[in-house]
Amino acid sequence: MIKILIFIALVFALGFGFAWLADMPGDVAITVGDQLINVSLMVAAVAIVSIVALIMFTWWLIRVVFTSPERVNRYFRARKRDRGYQSLSTGIIAAGAGDSTTSRKMLKQAGGLLNETTEPLIQLLDAQTTLLEGKHAEARGKFEAMLDDPELRMLGLRGLYMEAQRLGDREAQKHYAEKAAELGPQLVWAGKAAIDLKTASGDWDGAIKLVDKQKQAKQIAKEDADRKRAVLLTALAMDNAESDPQKTKQAALEAHKLAPGFAPAAVTAAEACFRLNEMRRGVKVLETCWRKQPHPDVALAYVNARPGDSALDRLKRAQRLESIKPNTAESWLIVARMALEAGEFEKARKTAGALLRNEPRESAFMLMADIEDAETGDQGKVREWLSRAVRAARDPAWTADGIVAEKWAPFSPVTGRIDAFEWKVPVERTGALIENDLDPMEPGRPRRDARPDDDGDDSVVPALPAADAVMRAKDDVVDAQAEPVKPKGEPVDLKARVEASKRAREAERSGADPDIEMAAEAIAADAEDATPASAAASEPAPTKTPKTTEERPSASEPKPPAPPAPAPDRPAGNGETGGDAPEKPPEAPKPDAAKAAAAGDEAARNGSGRGSDGAKDDDRSDRPPIPDDPGIDPDAETEPDKPRRFRLF
């Protein structure tokens, strides 16, 4: 825009000048030999401008004629160079994509169009193509040749380092990385590789110096540099813990100052202070780290600060940690452990219960097993807690690149990366998680807020008393009369319903309760339906004896009608499985209400699985349920045709 304005201004200036000359009076007299030429000012100005333009055009024409061969040569040379760079660009792209054939083809074209000595990209493409073709020895030779060229020296060091890393030669990696970091402090890969290799070899001082150089060159952020320095100082302090406690203390305290929440640095510094009888300083370091990030190693170092303390003293120290950082899993865990060591089982169980309610993990269940073993010695309950610990969520651990270590390490054993270990829950898991449905304050008992799972037909209804069973059967009969339910695939017996109605009216005229009579008949019909068909066919029909209540009715008497199936939302009233056959046949209906109630009582006992061995079943029913116990009914072993059901708690 500015150039356009300047051009317009010049045009206006020239026009104004020529207009001024045209209006200016006067002549120009030129004497050429004997001739005198008089012209106006305007004509003289135009003539002068024309002569200058002609001279300039003539000079340009002469120059073009004499420089045309060089211009033609320059044109073709530029065209060749452009084609060479195009081939070089295509070859580098092909090498990056892994196409060795195209890369080699483009390398030949670029080599014929460009000069290899003046174009370093050709050497780079040549080395990359050689690597793609699998000629690693030849590629290493090309990278070594690059070390003589100052422009390609860093590229050669990078290539040699990658080859040494591929071969697993740590010494060669360290050599090339250190040399590259020395020549180019701005190279991030060189500095990182040199630090990792020095760390793997235990050269903590050299690694710390490299970190300081990277920090000064602003290659890494200040926070990252402080973190790496803290890790390296902690590793240095741990190596000198036994030989030089004073150096250990200085290095660990500096690391703790750089990273206050770093547990290994705090523990190492505190232990060094304890060895040098600086108890107050070591305790302060541990408390500072505990406020930042609670860790079990910090808690153990804190409670064991004085080796001669009693179990009660260690418990008080654990409670001090809990007051500093309350309502955390690590606080509950250390208090529960110290309470167990002190013999205060109630406090240990209460604290472990809080941990179980908030974070049910492996260590919490293991701790409950220890408490149970120390307090009651019940090995069954101990095994129950241990079985839950197997399927519980794992505790946090030092993890790096899929490796779980018991202790912290400054670098990864897999990749050698510095500060690779993190305090977190490992990814792998063995078994499904379980819910904590045990009450730690009542050993072996389910929690009060725990509810059994509702799985429909697989749910088990506990055995009811006789009176409740009769009333329940009565309700079933009433509901069946109000809304008959037809089982799927079973025909409706109208004749049986008519007979049942007649028997109910006869019982009502005789003074007995028809509902109780029908309840007893319903229970008896359930027992007959549950009996296998083969056993019923092979067993001869007994003769009816009115005085015997345990015999079945003869074939001459009308068969009691089969009661309709209970509604889906109402469980069956004949015991735990709802459809199992009783061990003894039910009694025949009684003529009066008292005898009918007795018959219903006997039928309820038979339906709940208690016949001749009722005392044994009573003892079993009073036993508290054990969680996760499949609880197969023992009656299924004696009656193979009886369907098996499982208890769900």
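Glu 254 is partly exposed, at 33% relative accessibility. Here, buried means under 20% relative accessible area, exposed means over 50%, and partly exposed lies in between (1.4 Å probe, protein chains only). The model is predicted: local features need pLDDT of at least 70, side-chain atom pairs count only at pLDDT 80 or more, and totals for chains, interfaces and linings use all residues. Residues are numbered from 1 along each chain as its sequence is written, and side-chain values use heavy atoms, with hydrogens and water left out.

Glu 254 forms a salt bridge with Arg 229. The closest N and O atoms of this pair are 3.0 Å apart. A salt bridge is a side-chain nitrogen of Lys or Arg within 4 Å of a carboxyl oxygen of Asp or Glu. Glu 254 lies in helix α11 (residues 245-258) and Arg 229 in helix α10, so the pair ties together parts 25 residues apart in sequence. Helices (H or I, at least four residues) and strands (E, at least two) are DSSP runs, numbered from the N terminus.

Arg 229 also forms a salt bridge with Asp 212, with the closest N and O atoms 3.0 Å apart. Asp 212 belongs to helix α9 (residues 204-216) and Arg 229 to α10, so this pair ties together parts that are 17 residues apart in sequence. Asp 212 is partly exposed, with a relative accessible area of 28%.

A further salt bridge joins Glu 287 and Arg 320, where the closest N and O atoms are 3.6 Å apart. The pair links distant parts of the chain, 33 residues apart: Glu 287 sits in helix α13 (residues 279-292) and Arg 320 in helix α15 (residues 311-324). Glu 287 is buried, at 12% relative accessible area. Arg 320 is partly exposed, at 37%. Elsewhere, salt bridges that share partners join Arg 104, Asp 126, Glu 133, Lys 135 and Lys 142 into one network. The count comes to 30 salt bridges.

Helix α10 (residues 222-239) also packs against helix α12 (residues 263-275). The angle is about 35° and the axes are 10 Å apart. Axes are lines fitted to C-alpha atoms, for helices over the stretch in contact; angles run from 0 to 180 degrees between N-to-C directions. Thr 234, Ala 237 and Met 238 in α10 meet Pro 264, Ala 265 and Thr 268 in α12. Contact means heavy atoms within 4.5 Å.

Strands β4, β3 and β5 form an open sheet in the order β4-β3-β5, with antiparallel pairing. Two strands pair if DSSP finds at least two bridges between them. β4 and β5 stand at the edges with a single partner strand each, so one side of each is left without a neighbour in the sheet. Neighbouring strands are turned by 45° against each other on average, direction ignored.

Three bridges join β3 to β5 (residues 422-424), and Ala 397 has Lys 424 as its bridge partner. β3 and β4 (residues 403-405) also pair over three bridges. Trp 398 stands opposite Ala 405 in β4. The β3-β4 hairpin has two residues between its strands, and Asp 401 in the turn has a positive phi of about 55°. From β3 (residues 397-400), Ala 397 and Thr 399 point one way, Trp 398 and Ala 400 the other, and all are buried.

Strands β1 (residues 27-32) and β2 (residues 35-40) pair in the antiparallel sense over six bridges. Asn 38 in β2 is the bridge partner of Ala 29. Two residues separate the strands of this hairpin, in which Gly 33 takes a positive phi near 70°.
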